[in-house]
Amino acid sequence: MPPYIEECRREWKRLGVPDSLAEEMAAELEADLAEAEADGVSAAEILGESDPRRFARTWATERGLVPEPQPKKNRTWMWITASLVLLVFLLLVFPAFAIVGVSSGGSETVDVSPVRRAGPIRVPKLLGLPVCKAVVTANIAGLDAHAPNGSCSALVVRQKPRAGAVVAGNTAGTSFVKLWVRPARG
Amino acid sequence: MRRMAAESRRSQMLRGVLDLCLLAVVVDEPAYGYEMTRRLKERGLSTVGEGSIYPLLGRLERDGLVATHRAASDGGPPRKYYRTSPSGRSALAEGVRAWRDVRNEVDSVLAAVEAEVA
C-alpha cells in the first residue's frame, strides 16, 4: 500500500473512523490511484492535496464519520465572552473581596483604595456604624478609610474629617477618612 | 502570479458546482471515483482544481444524493460505484437551474466589459 494511503489509514484510526469504513476508503483510493498511474495521470491530480492527514480528515469529515471542527468564529466568540466575564470579575468581584478582606486582616489600620472620583466629595456620616460597614460606606463615597485593627463589628466613635465636610477627590492625600473605634458590646 | 490568481479563481468557481458535475456524470450510469474523473475530462472538465473529488463524494453519500455499491471491475479489484439517487436527481435539476440563472446574470453584467478585455 502506498505510503500516502498508509498515512491516511493512520489518521482515520486516530480519528476513530470504524476499521471497516477506513478499509473501504483505503481500498477505493488504492485502486483508483493504481488505475490513474496506468493511465499516466499523477497521484497529485487525483488527490489534489499533498498532506495525507488533512486529506484523510477532510474526507472522513465530509462523509460524516467524524464530527466537523468548530468554526473559528465560534471560538472567537468564546474568547470574547470569556474575556468579558473576566473583566466583570476584576471590576466587580475583586474589589468586593478586597473589602471583605478588611474585616479579617491583621494590619494595624484599614487601607482600602476606593474608586477615585474627580471633584469634591462630601464625607458621609460613619459614626455609630460597625467599622467594616463604615469602610465600605467610605469607599462607595470615593474615600479611603483608615481604621485601627480590630473586630469587624467594632463601632466607629469618631471620624475625621467630620460628616458633611467636603474634601477634594481624586487625590490620595486628601480623600481619606480616619476612623476611631471601640469594641462592640456583648 | 496572474496565472496563479486565475487558477485560484477557477478553483473557487468550480467549488460551488463540482457536486453538480459529479451528480451529472453518474446520473445515467454508475461509476467509481477515478472513472468519474475520466468522465469529467471527457466532457471538458480537465482538472477539478484544488482538492479532490473524494471528500465531495463522501458528502454526496452522506446526504443521500448518491447511492453506492461494490462490484467487480474489469479485471481489477472490486470497486465502489456511485450513482445519482432519486433525491440526487432532484438536487441536480434544482442546482442546474440555479447555475444557469447565475451564469446568465453574470454574463449579462460581464458582457459589457467583454469587448474591452478582448
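Author: A residue is called buried if 20 or more other C-beta atoms lie within 10 Å of its own, exposed if 12 or fewer do, and partly exposed in between, with the C-beta atoms placed from the backbone. This is a predicted model, in which local features need pLDDT of at least 70 and side-chain atom pairs count only at pLDDT 80 or more, while totals for chains, interfaces and linings use all residues. Residues are numbered from 1 along each chain as its sequence is written, and chains are lettered from A and ligands numbered from 1 in the order in which they are written.

Reader: Which residues of helix 1 of chain A are buried?

Author: They are A:Ile5, A:Cys8, A:Glu11 and A:Trp12, where a helix is a DSSP run of H or I with at least four residues, a strand is a run of E with at least two, and both are numbered from the N terminus.

Reader: Why are the buried residues said to line one face of helix 1 of chain A?

Author: Seen down the axis of helix 1 of chain A, the buried residues fall within an arc of 115 degrees, so they line one face; the arc is that of the directions from the helix axis to the C-beta atoms. On the other side of helix 1 of chain A, A:Pro3, A:Glu6 and A:Arg14 are exposed. The buried residues pack against helix 2 and helix 4 of chain A.

Reader: What makes the reach of helix 1 of chain A close to the expected one?

Author: The expected span is 1.5 Å times one less than the number of residues; helix 1 of chain A, residues 3-15, has 13 residues, for which 18 Å is expected, and reaches 18 Å from its first C-alpha to its last. Just after helix 1 of chain A, A:Gly16 takes a positive phi of about 85 degrees.

Reader: Why is A:Val41 called partly exposed?

Author: A:Val41 has 17 other C-beta atoms within 10 Å, and that count lies between the limits for exposed and buried, so A:Val41 is partly exposed. A:Val41 is found in the loop between helix 2 and helix 3 of chain A, and touches A:Ala36 and A:Ile46, not counting residues up to four places away in sequence.

Reader: What makes B:Tyr82 count as buried?

Author: B:Tyr82 has 26 C-beta neighbours inside 10 Å, and the definition asks for 20 or more, so B:Tyr82 counts as buried. B:Tyr82 is found in strand 2 of chain B, residues 79-84. Leaving aside neighbours within four places in sequence, B:Tyr82 is in contact (C-beta atoms, placed from the backbone, within 7 Å) with several residues, among them B:Val26, B:Met36 and B:Leu57.

Reader: Why is helix 2 of chain B described as roughly perpendicular to helix 4 of chain B?

Author: Helix 2 of chain B, residues 18-25, and helix 4 of chain B, residues 53-62, pack at an angle of about 75 degrees, with their axes 10 Å apart. That makes helix 2 of chain B roughly perpendicular to helix 4 of chain B, because angles of 65 to 115 degrees count as roughly perpendicular, those under 35 as roughly parallel, those over 145 as roughly antiparallel and the rest as oblique. Axes are lines fitted to C-alpha atoms, for helices over the stretch in contact, and angles run from 0 to 180 degrees between N-to-C directions. The contact is made by B:Leu18, B:Asp19, B:Leu22 and B:Leu23 of helix 2 of chain B and B:Ile53, B:Leu56, B:Leu57 and B:Leu60 of helix 4 of chain B.

Reader: How do you know that helix 3 of chain B and helix 4 of chain B are roughly perpendicular to each other?

Author: Helix 3 of chain B, residues 33-42, and helix 4 of chain B pack at an angle of about 110 degrees, with their axes 11 Å apart; by the definition of the term, helix 3 and helix 4 of chain B are therefore roughly perpendicular to each other. In this contact B:Gly33, B:Met36 and B:Thr37 of helix 3 of chain B meet B:Ile53, B:Tyr54 and B:Leu57 of helix 4 of chain B.

Reader: How many residues of chain A are in contact with chain B?

Author: In chain A, 18 residues are in contact with 20 residues of chain B. Helix 2 (19-38), helix 3 (43-47) and helix 4 (52-62) of chain A each supply at least two residues of the side that touches chain B, and the largest share, seven residues, comes from helix 2 of chain A.

Technical notes
Two residues are in contact if their C-beta atoms, placed from the backbone, lie within 7 Å.
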